[in-house]
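Please open the model in a viewer and keep the selection panel at hand. The stops below are meant to be visited in order.

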Amino acid sequence: MITIISFIARLLNNKTRDKRFIKRLATLLLIITGLFSSVYAVEVISSSEKPILIPLPKEVKWGEGQFIVDSKTVIGVGSSMDEKRIGEFLQQELKDIYGLNLEIVSGKRLYREKKTILIGKPENNPLVNKLCQERNIFLTEKKIGREGYVLLVTPKEVMVTGNESQGIYWGIQTLIQLLNSTGEKKIVIPTVKICDWPDFSFRGVHLHFRGVKDNSFAKNLIKNVLAKYKINTVVLQIEESLAWRSHPELGGSLTPESLSEIVKIAKNNFIEVIPEIHSACALQSGFRKGFHLDLAEEPSPPYVNYCFSNPKSYKILFELNDEVIEIFRPFGGFRYFHIGHDEITLRGGKPGSCPRCKATGKTPAQLFAEDVKKHYEYWKKKGVKVMMWHDMLVKGAGTGHGGPPFNIADSLPLIPRDIVICDWHYGPECPSQIEYFQKKGFKEVIGCTWRNPYNIWNFTNKAKRANALGMLNTNWVPAKSGHFWGFFHIIYHADCTWNSGRRPPSELPYDPAEEYRIAMERKPVKKEDAGLQFTVDLSPYCNRSLKDNYKFSGWAARGPKYDLKTFPTGRIRLKGILFDIAKGEKNVVMLKGTLIPNLPKKVRGIKIGKKAKKLIFLHSCAWPTAEKKLVGYYRIFYKNGGTKKIAIPLRYGYEIGSYSSFWGIKKAKLVWRGKMESGDSIGIYAFIWNNPFPEQIIEKIDFLGMETPASPALFAITGIKP
Ligand SMILES: [Zn+2]
């Protein structure tokens, strides 16, 4: 316990502003207090595992055998344009990622002698129809609906069908997750029958374009992450970023053409686009540059609001709306428009305080309601529904910003009930107000999350129980490559909104960070070749047991309830990789840390003596530390390379995590998930290092620590022969 207390004291002394670090501390505290202890048995990710599908489908029945895709396989599509387009999408994916160029056939050219991937609705594709009848597949059954699909893989054929194109497209995305590259222009698909449909009809992601100049990151994110994980809506917040033709003084440098491209990509991937102009922010950006100051409600910076009583405010705002309508026109327009309207009394905002507003004799709440109605009427005439954030409409702690002195929440009875309320809460124990708004008569209410895993898990489950319209994952870092790691949680949001209540954060069989990296890189997921793997005997160097005791001399010195005795030792295969973990008293090579001082700072000369194109390090830290902190490194020595040596840095949260990590390890691979005696989940990651000199013999490796709290520990090294 002393070590724990001193560890926490160290954390608190550490002047870190890293939210993830604090989150980890919170997780750790939960582990320590045993709040999360449960009675589940140890669960091990089996080595002959089936692919992990994200989102988790509703019904999956694995079969025996596999379907082999090779250059002779054809894609047989139905007669509609959408079905052809979906076929082309699959064709392109197979070409880009696996180098296979398959022919697309339709109409009379659909014949059954060839091995075919059948795509389409039964009424558009006779072979799909026939197969559905043979297999008693009825799309009217269950809740398949608009977005559901049936995916069938047998050794002879593959079929993806559904009631609507969007569902068929989601089925193709699941099919892509089933593909296993064999590395020789052949792809293996395990036989399976999947029947799947979403929990929520609205599964959205909000992207902010503040300071974003080009659309490349957003396009990649939409195509490779949102579409892949079946997100069906994207909200684009653009007021400060679009280069407005009518008002260049208000916007940024994202061109209308760039926005058009984003909309096009989304639409092509069956994703609905909702534009957002936070009206207050739109004019605020002009005020700050000295424009339109006659419309500023507050007389001095930061000029939060525009005047709700001045018709000129709306002339400008509606000119921006008109431009958005023009950009979206070629794509069939949009059904919803988001007007923002959050936090208008924060940071010096004083709605209703200017002489013009005061002269009306109306309260700030009345002025606010009139303002919302002006936007609402503008869009209603155009057949578009309005969305807004919820916080100005509620009083109280947390995100209720409608309380004194302005009491904007008093406007609630005056707000049209067909406005969609976006109820946002970002803490792990989010106090959902979805039911509050439903009781007030709002039919469409959406829960909004951000990046905390328990925020996403808890809020989505509450929204499901409240029968909400759906969930919107908000992202307040700009949608550009500099914020690459700010978006991986979207994958978990997608998993929860498609099939809620199934995968709590600590028991995820995948790490969203790893999935996100792979999805954005667009590389085939290849199994490491079993025939080329060799293991390294670490037993001569092992200095620490995976088991702990009440002398606190094992594993993390946290006692037997929090040790790693459930982790298998000996020769084991995890995620297709063979590892050799020393049996007996000492199982790992652990380095000194500030919390476990009685260990060596470095272990030199781990003998390898072989060539390798990759080395796979199975490792973990005994304790968490700050994200990106260098906790140690490996130094590689080549036999004939003279003094040539390479250092491989181990940064916490990148190449290495702690055993209590459940997500966010960005450059490593989750290979095992289990539980401690306490019932808490544990995860072990492997880091795969690509050797730049595969033709040289690696003589030895040094394992060097940095004396952080982390105490890195090496379990096994596996090499892949060149
Ligand atoms: Zn005013």
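Is arginine 651 buried, partly exposed or exposed? In this predicted model, arginine 651 is partly exposed, with a relative accessible area of 25%.

**Stop 1**

**Stop 2**

Side chains of opposite charge can pair when their charged atoms come close. Select helix 3, residues 81–98, and display aspartate 82 and arginine 85, which lie three residues apart, about one turn of the helix. Their side chains meet in a salt bridge with an N to O distance of 3.6 Å. Arginine 85 is partly exposed at 30% relative accessibility, and aspartate 82 is partly exposed at 28%.

Next, select aspartate 96 together with arginine 522, whose side chains meet in a salt bridge at 3.1 Å, N to O. Aspartate 96 belongs to helix 3, whereas arginine 522 sits in the loop between helix 15 (512–521) and strand 17 (533–535), so this pair ties together parts that are 426 residues apart in sequence. The relative accessible area is 42% for aspartate 96, which is partly exposed, and 21% for arginine 522, which is also partly exposed.

**Stop 3: the zinc ion**

Which protein residues are the donors of the zinc ion? Select Glu297 (OE), Cys307 (SG), Cys354 (SG) and Cys357 (SG), which lie 2.1 to 2.3 Å from the ion. The angles subtended by the four donor atoms run from 102 to 119 degrees, which makes the arrangement tetrahedral. Along the chain, the spacing of the donor residues is E-x9-C-x46-C-x2-C.

Cysteine 307 is in the loop between helix 8 (279–288) and helix 9 (311–328), while cysteine 354 is in the loop between strand 12 (336–338) and helix 10 (355–360); the pair therefore ties together parts that are 47 residues apart in sequence. Cysteine 307 and cysteine 354 are both buried.

**Stop 4: helices 8 and 9**

Display helix 8 and helix 9, which pack with their axes 11 Å apart at an angle of about 105 degrees. That angle makes the two helices roughly perpendicular. On helix 8, the contact is made by Ser279, Ala282 and Leu283; on helix 9, by Ser313, Ile316, Leu317 and Leu320.

**Stop 5: backbone geometry**

Most residues other than glycine have a negative phi, and most peptide bonds are trans. Select proline 301 and proline 302: the peptide bond from one to the other is cis, with omega near 5 degrees. Proline 302 is in the loop between helix 8 and helix 9. A cis peptide bond also joins proline 404 and proline 405, with omega about 0 degrees, and proline 405 lies in the loop between strand 13 (385–389) and strand 14 (420–424).

Move to glutamate 343, in the loop between strand 12 and helix 10, where phi has a positive value near 55 degrees. Finally, select serine 711, in the loop between strand 27 (698–705) and strand 28 (712–720). Serine 711 has a positive phi of about 50 degrees and, at 0% relative accessibility, counts as buried.

Key: Residues numbered from 1 in each chain as written. Predicted model: local features only at pLDDT ≥ 70, side-chain atom pairs only at ≥ 80, totals over all residues. Heavy atoms only, no water. Donors = N, O, S within 2.8 Å, 3.2 Å for Na, K, Ca; no water. Tetrahedral: all angles 85-135°; square planar, octahedral: opposite > 155°, others 65-115°. Helix = DSSP H or I, 4+ residues; strand = E, 2+ residues; numbered from the N terminus. Buried < 20%, exposed > 50% of the residue type's maximum accessible area, 1.4 Å probe, protein only. Salt bridge = Lys/Arg side-chain N within 4 Å of Asp/Glu carboxyl O. Axes fitted to C-alpha atoms, helices over the stretch in contact; angles between N-to-C directions. Parallel < 35°, antiparallel > 145°, perpendicular 65-115°, else oblique. Contact = heavy atoms within 4.5 Å.
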